[in-house]
Amino acid sequence: MPSVEIRKRVIIVEDIFHEGGPVAAIPYRRGAILTIIKNPFAGRYVEDIEGFSNDLKPLGLEMARGLIDALGGDPKAIQGYGKGAIVGSAGEVEHGALWHVPGGYAMREALGGAMAIVPSAKKVAGVGARLDVPITHINASYVRSHFDAMEVGVNDAPRADEILLALAMTTGARVHDRAGGLKAADIKGEDGLR
Amino acid sequence: MKAKIRKIVTIVEETRTEMGRAIDPPTRRAAAVAVIENPFAGRYVEDLADLIDIGEELGDLLARRAVEALGVEGSEVESYGKAAAVGENGELEHAAAILHPKLGAPVRKALGKGAALIPSSKKRGGPSVALDVPLGHKDAAFVRSHFDGMEVRIADAPRANEIVVAVAVTDSGRPLPRVGGLTTAEIKGVDGLR
């Protein structure tokens, strides 16, 4: 499979102190790391693409570790995660699907294990497109306080022959979490759901 | 602090290739962006002293955050810029009060130097409005390789009664600069221009 050619790396970190309610004792922190790579399959239909997914694993791990560092460096502080991809207009959404395995594997590896499926979003779009990366609790998908999303994007990407790969992580519940449901404290932690 | 901060976002960008050419070392830039309450939203207030003081606070906070996100010493910063976006219930003059009288001194203090004017932009807009923060060399405004801009935006800000304030720093100029003009090697650094 082709090599991974990186054009650009972007890291975004949000510290959220409040959203009109009480100021949080510890700010809710949300971060994303984005890598803009060349799409080796742009402009033509290629049947056999799955191997590129393996080629992305080292990049995924580097991104997951980089994001944990940007969020303070402690993997144990990470409570929510998500991933996504924006494929440039000369590619297919299927190319973005190549990120499912390496993106998820990388975050589990870097976090020292996480049970819940990593929620994801992807699309084909033009330069400057924004993507809402869905976020859920790392060990139990049904934890309602941790359902969130982070909008990401880069004004000059993805070009037609590029893919923007994204990982997102959070350090807790939404800043004014009060919509009920399963709490993080009540997780059984057996099936990745509850 | 006089500033009532809802959120702080940091963004780091690293460009490793451009048009297939390696950028070595990569060009890097960072922005720190605060979302604050506009104390004068919705009414005409003659005396903007509080916003001027808020500008001083934010100059210090955002410059330190941006330099930290870039991961360099303040003295290694090469160019800088600032910008503000005022929510719909505020005036452009509110952005001016934050940016122009007092924000610059603490920024320069964080960098150790900064003989040049800090280039700026401002606008009024709604949530997720894009701010193009102009960038110029910190010691000599005429250095042509460092004229640039960095787009920043926050999906949920500014709300009507908020102001988004950004400080951007770099440790490099544009990728592959080749349009001539004053070079960094020729800087005298006395008048802030050359």
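Reply:

**Where the chains meet**

Helices (H or I, at least four residues) and strands (E, at least two) are DSSP runs, numbered from the N terminus. This is a predicted model, in which local features need pLDDT of at least 70 and side-chain atom pairs count only at pLDDT 80 or more, while totals for chains, interfaces and linings use all residues. Residues are numbered from 1 along each chain as its sequence is written, and chains are lettered from A and ligands numbered from 1 in the order in which they are written.

Within this pairing, A:Val13 stands opposite B:Thr10 in β1(B). Counting contacts (C-beta atoms, placed from the backbone, within 7 Å), 15 residues of chain B touch 17 residues of chain A. Strand β1 (residues 5-18) of chain B gives the largest share of chain B's side, 13 residues. That side divides into 6 nonpolar, 3 polar and 6 charged residues, where Ala, Val, Leu, Ile, Met, Phe, Trp, Tyr, Cys and Pro count as nonpolar, Asp, Glu, Lys and Arg as charged, and the others, Gly among them, as polar.

As for the chain behind this strand, chain B has 3 helices and 7 strands, in the order β-β-α-β-α-α-β-β-β-β from the N terminus. Its C-alpha atoms fill a box of roughly 50 × 35 × 25 Å along the principal axes. Among contacts in chain B between residues at least 6 apart in sequence, 80% join residues at least 24 apart.

How values were computed
Two residues are in contact if their C-beta atoms, placed from the backbone, lie within 7 Å. Two strands pair if DSSP finds at least two bridges between them.
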